[in-house]
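Me: Please display the sequence and the structure. Some questions and answers will follow.

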Amino acid sequence: MSQIDRDTANTEPDAPGSPHMRRILHRESYSSRAGAAGLAAGLVIVLCVYALLESAVRVVGQPPWLIDPGTAAQRIIALPQGIPPLLLGASGGVIAMVGLFFLLNAVFPGRRARHLLQDPRVAVVVDDEVIASALARRARTAAGVSQEQVMVVVSKRLVVVNVRPTSGVRVSGDAISAAVREELAQMSPWPMPEVRVNLATSGVIGA
Amino acid sequence: MNGTPRIINRILLFILGVKVLAIGLLLVLLATVPAVADWWHGWSAGVWARAEETFKQTRFPGREESWLWLAAAAVLVALIIAMVAWVSQQGKGRANLLVSGEDNGDVDGDVRIGGGVAEQALKAALAERPDLASATVSTYEVGGRPGLRVRIQPRQGVAPHALAEDVSRLVEALDTVVGRRTPVLVHIVAGARAKFARAERVR
């Protein structure tokens, strides 16, 4: 077994810092837009199949299925007439929205809500929700409150910890902040976010 | 980690988005601005007249219909095939072999190790853990090289770095078994199942 390509096994071309792995991690951090692509292709296919049906019917000289292409063209040319302006404007708005959806999907970078973790052997990508849930657990034990009283929101560069203390029980924001910071330091996600702790002014009764 | 053609996706989505947006805006303008309606009547009627003229010139000899309809049908079929090809490119890149190399020992022959070996081993090692809601392992080919993708879904509150460390140790053990280091991506996901399940209180 040790005789299989010993050279390549020892040069470690696939360590997390290698260009190959970095490319994989980059691809994992951004959306591939596969869903939007599938929707777009489906839309084009449906339109094409309908147009194909009508033109095939026309070629063999049969009556049209829904509308004859010539009649359709006449109606489109006459457009503001023959249809209530409200309906025309509304359908135009809907079509424009669909177009805007595809356009923005293509133009925006499509960053996913994920962070990278350091590891000597494997490349690790973590959804922000997982980080938030781990930090919430830590904040909850540090504050001594129940699960429902802590809400953590993780974004690219900021972690916001919202704590609603139990009424009559003093909660130290600094202690929560220190605990969350310590957990984050152990986790060391990249990019490393800042921590902000918000203590609600009104407490929860009977928690 | 899969071979989805991202640049093609962006370009095609951009083209389609611009076109659909333009059609929608045109309809809105037609409904609201009378000047646009006037311009539209003149322009589109001219285009349609020219189109009818070409249809008349391209009739089948001895028949009423134009062969342009046939050409249009062919273009549509080509477009449909292109769209199906585009969709089939999404998420491709699954591989079967984890290792495929020459054994330069005394025995003749090649060495092939299927991806199922690593998939089954890692899955079995992760299946027993109480802090995971699910774990899936699959083999992908990235840039011509096989790689493993480990997708684990922890229960609420589980520290991701501790999980990553454990998986890293498992992968190192796998390395010694397989005899070669393959690139491994660990994706720790949050899913609906983890959200609604009870929190992990022991760890």
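Me: How many of the 207 residues of chain A count as buried, as a percentage?
Reply: This is a predicted model, in which local features need pLDDT of at least 70, side-chain atom pairs count only at pLDDT 80 or more, and totals for chains, interfaces and linings use all residues. Residues are numbered from 1 along each chain as its sequence is written, while chains are lettered from A and ligands numbered from 1 in the order in which they are written. A residue is buried if 20 or more other C-beta atoms, placed from the backbone, lie within 10 Å of its own. Of the 207 residues of chain A, the share that counts as buried is 32%.

Me: Why is chain A described as more spread out than a compact globule?
Reply: Chain A has seven helices and six strands, where helices (H or I, at least four residues) and strands (E, at least two) are DSSP runs numbered from the N terminus. The globule rule is 2.2 Å times the number of residues to the power 0.38, and the radius of gyration is taken over C-alpha atoms. For 207 residues the rule gives 17 Å, and chain A is more spread out than a compact globule because its radius of gyration is well over that, at 29 Å.

Me: In which sense do β2(A) and strand β5 of chain B pair?
Reply: Two strands pair if DSSP finds at least two bridges between them. Here β5(B) covers residues 184–188 and is joined to β2(A) over four bridges. Within this pairing, A:V126 has B:I188 as its bridge partner, and A:V125 stands opposite B:H187. The sense is parallel.

Me: Which strands stand at the edges of the open sheet?
Reply: The sheet has six strands, in the order β5(A)-β1(A)-β2(A)-β5(B)-β4(B)-β3(B), with mixed pairing. Each edge strand has a single partner strand, so one side of each is left without a neighbour in the sheet; these strands are β5 (189–190) of chain A and β3 (132–142) of chain B.

Conventions. A residue is buried if 20 or more other C-beta atoms lie within 10 Å of its own, exposed if 12 or fewer, and partly exposed in between; C-beta atoms are placed from the backbone.
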